[in-house]
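Here are some quick notes to read alongside the model. Have it open while you go through them.

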Amino acid sequence: MSSQVRVNPIRCDAYGMCTEMLPERITLDDWGYPIIDGKPVSGELLELARKAVAACPTAALRLAARGEPSR
Amino acid sequence: MIATGIRLFDGPPLAARPESLGDHEVRLGPRPRFAGGDLIAIVDAADLRGRGGASFPTARKWAAVRDRSRGNAVVVANGAETEPLSGKDRALMTARPHLVLDGVLLAAEAVAAARAVVYVSRDHDDAAQAMTDAIAERSASDLSIPVTVALAPRRYVAGEETAAIAHLNGGAARPTMVPPRPFDRGVDGRPTVVQNVETLAHAAVIARHGADAYRSAGAPGATGTVLVTMAAAIHSPGVYELAGGSTIAQAVSAGGGATSSVAAVLVGGYFGRWVAAEDAWDLRLGVDVPLGSAALAIFPHRRCGVMQTAALVGFLARESARQCGPCEHGLASLASTANELAAGRAKPRDGERLQRWIAQIAGRGACHHPDGALVLLSSALRVFAADVNTHLRRGRCDRDATTMLPAPDWTIRGR
């Protein structure tokens with residue numbers, strides 16, 4: 001089963017750790033907040049995604065099953 | 001024609017006192033009673049959609065709560081009406097409080113609720129008083145559950161359903177992340193229906209007259225009637241009850257016609273979209289164009305739509321709950337650049353910057369507040385494209401730059 005990275009925009013404080021750890025899926029907007037491209041993460045990206053989730057200082061990032069409702 | 005009894009505003013003139021319980025029952029008879037969730041199937045057959053902006057099927061919302069309620073659900077009658085262009089909920093509660101209250105009680109019985117709250121703007125004293133008085137008029141046997149009135153703060157997002165729940169739970173009226181969805185966990189953590197007051201009044205009509213009579217008015221997808229607020233360049237601004245699926249031309253005609261040559265219509269309030277006049281007249285409300293809040297602003301040629309839109313985006317930016325970065329900072333940037341554009345101080349790439357930000361921000365708030373601002377702005381960039389180009393190239397256009405749609409600063413007077 002494939003996963004997706006999701007961000008809780010209320011928690012996110014634009015530390016930007018996530019884009020450094022997972023630039024394949026996460027870029028920053030003009031104000032420094034993450035834009036997640038919504039593509040699945042699998043294979044070797046999955047481990048990087050887990051690290052990005054763990055590294056977020058505000059615990060705003062999570063891995064969700066694809067198709068799971070909400071953001 | 002709309003059959004007798006289907007209109008919310010049948011009965012005494014709207015300018016009269018709120019209709020009393022006695023007059024209401026003489027006119028319509030007592031509130032009908034239904035076993036269990038039987039009314040949900042009737043509301044479903046009537047194809048009633050929510051009138052708070054999202055047009056979500058009412059029966060589906062009720063069924064989700066009924067499935068989860070153990071007799072403990074909560075009904076929130078949403079009359080916050082924070083949309084500055086809209087006046088329909090206030091007019092309805094003030095003129096027909098018992099029709100709204102019938103809808104509240106019918107919904108509560110249908111979803112097995114233990115209590116209900118009528119959530120009214122703190123600025124609409126007349127509506128809050130009419131609802132409070134209506135509740136007091138009811139006998140204990142009629143009032144099957146406790147119904148109270150709660151005041152909504154002066155904040156654009158206060159009527160968003162998760163914000164309403166947050167406020168009723170003792171917090172600030174700011175949207176929250178979903179899940180949990182209100183039908184799972186809302187007021188006091190209980191399954192909760194948050195339903196616009198107009199929708200509830202329609203449910204009370206459907207309960208009395210049945211789905212077929214209700215559907216005899218309106219159009220497929222926009223059944224029954226709809227309360228439309230008309231504003232700006234219209235002879236008689238105010239609230240009008242029209243058949244669902246009426247065209248914008250019919251709405252303008254109901255309001256006595258436009259007062260001058262029309263450039264565009266803002267359909268659905270500040271959460272809606274600009275439509276060029278020539279494209280607007282034949283659009284059927286709720287069929288060809290989303291109903292939204294059902295507020296229509298008729299905007300004349302002689303005014304500057306770029307300046308007006310910049311003012312509205314500024315309002316929506318100030319009304320961000322400032323919880324989500326893309327909304328707080330994104331809307332502020334959009335508003336500031338739109339304002340520069342409107343004032344004739346645009347930089348050469350500002351048009352592209354606005355388009356890039358619109359694409360970046362879309363869908364990235366916890367609620368849809370930023371998306372509403374994006375739809376408003378992007379529709380303006382299309383509809384007023386010629387004027388936008390003039391502003392980009394020459395500074396200002398030749399149109400009157402004074403605005404006519406209110407963009408109040410609610411951050412000054414506090415909440």
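The points below cover ground rules, cores, cysteines, a helix pair and one alanine.

1. Ground rules. This is a predicted model, where local features need pLDDT of at least 70, side-chain atom pairs count only at pLDDT 80 or more, and totals for chains, interfaces and linings use all residues. Residues are numbered from 1 along each chain as its sequence is written, chains are lettered from A and ligands numbered from 1 in the order written, and side-chain values use heavy atoms, with hydrogens and water left out.

2. The main core. A nonpolar core here is a set of buried Ala, Val, Leu, Ile, Met, Phe, Trp, Tyr and Cys residues joined through side-chain atoms within 4.5 Å; buried means under 20% relative accessible area, exposed over 50%, and partly exposed in between (1.4 Å probe, protein chains only). The largest one has 61 residues, and B:Leu266, B:Tyr270, B:Trp274 and B:Leu334 have the most contacts inside it. Among the elements giving it two or more residues are strand S1 (3-7) and helix H2 (44-55) of chain A, plus helix H12 (305-318) of chain B. H12(B) supplies the largest share, eight residues. Helices (H or I, at least four residues) and strands (E, at least two) are DSSP runs, numbered from the N terminus.

3. Around B:Leu334. Leaving aside neighbours within four places in sequence, B:Leu334 is in contact (heavy atoms within 4.5 Å) with residues including B:Val313, B:Trp357 and B:Leu377. A second, separate core of 51 residues includes B:Ile6 and B:Phe9.

4. Cysteines. How many disulfides does the structure hold? Zero, over all chains, taking a disulfide as a pair of cysteine sulfur atoms within 2.5 Å. For B:Cys304 the nearest cysteine sulfur, on B:Cys397, is 3.7 Å away; B:Cys304 is buried, at 3% relative accessibility. For B:Cys327 the nearest is that of B:Cys367, 6.4 Å away, and B:Cys327 is also buried, at 6%.

5. A helix pair. H1 (21-28) and H5 (97-111) of chain B pack at about 75 degrees, axes 9 Å apart. Axes are lines fitted to C-alpha atoms, for helices over the stretch in contact, and angles run from 0 to 180 degrees between N-to-C directions. So H1(B) is roughly perpendicular to H5(B) (65 to 115 degrees). B:Leu21, B:His24 and B:Leu28 meet B:His98, B:Leu99 and B:Asp102.

6. B:Ala16. This residue is in the segment before H1 of chain B and is partly exposed, at 38%. B:Ala16 and B:Leu28 are 12 residues apart in sequence and 18 Å apart in space, C-alpha to C-alpha.

Methods: Angles under 35 degrees count as roughly parallel, over 145 as roughly antiparallel, 65 to 115 as roughly perpendicular and the rest as oblique.
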